[in-house]
Amino acid sequence: MNVLLVEDDELLGKSLQQGFKEKEYECCWLKSGDGALAHAASGEFNVVVLDLMLPEMSGLEVLAKFRRRGLTVPVLI
């Protein structure tokens, strides 16, 4: 399983990434909504774990842009 983790908090992001890796999931950790939009378009992720309180744009804005672009990947907030 490939997980796209979008979390700007360093401690929480590291902890989540390590947890996914321990369960043998591939995890790409990004800290911004812009990065998430660029990477999610690749289609290589099975799920997105998305923080609501991102610095440049909120997680809800990121999710809305995913859906407008036709990305149907499941998103956990």
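Helices (H or I, at least four residues) and strands (E, at least two) are DSSP runs, numbered from the N terminus. This is a predicted model, where local features need pLDDT of at least 70, side-chain atom pairs count only at pLDDT 80 or more, and totals for chains, interfaces and linings use all residues. Residues are numbered from 1 along each chain as its sequence is written, and side-chain values use heavy atoms, with hydrogens and water left out.

Let's start at Ser-32, which sits in the loop between strand 2 (26-30) and helix 2 (33-40). Setting aside neighbours within four places in sequence, Ser-32 is in contact (heavy atoms within 4.5 Å) with Val-6 and Glu-56.

Now follow the chain into helix 2. The axes of helix 2 and helix 3 (residues 59-68), which are lines fitted to C-alpha atoms over the stretch in contact, come within 10 Å and cross at roughly 25°, with angles running from 0 to 180 degrees between N-to-C directions. That makes helix 2 roughly parallel to helix 3 (angles under 35 degrees count as such). On the helix 2 side, Gly-33, Ala-36, Leu-37 and Ala-40 make the contact, and helix 3 brings Val-62, Lys-65 and Phe-66.

Last stop: salt bridges, each a side-chain nitrogen of Lys or Arg within 4 Å of a carboxyl oxygen of Asp or Glu. The whole structure has two. In one of them, the side chains of Lys-14 and Glu-10 meet at 4.0 Å, N to O. Both residues lie in helix 1 (residues 10-22), four residues apart, about one turn of the helix.

Note on methods:
Parallel < 35°, antiparallel > 145°, perpendicular 65-115°, else oblique.
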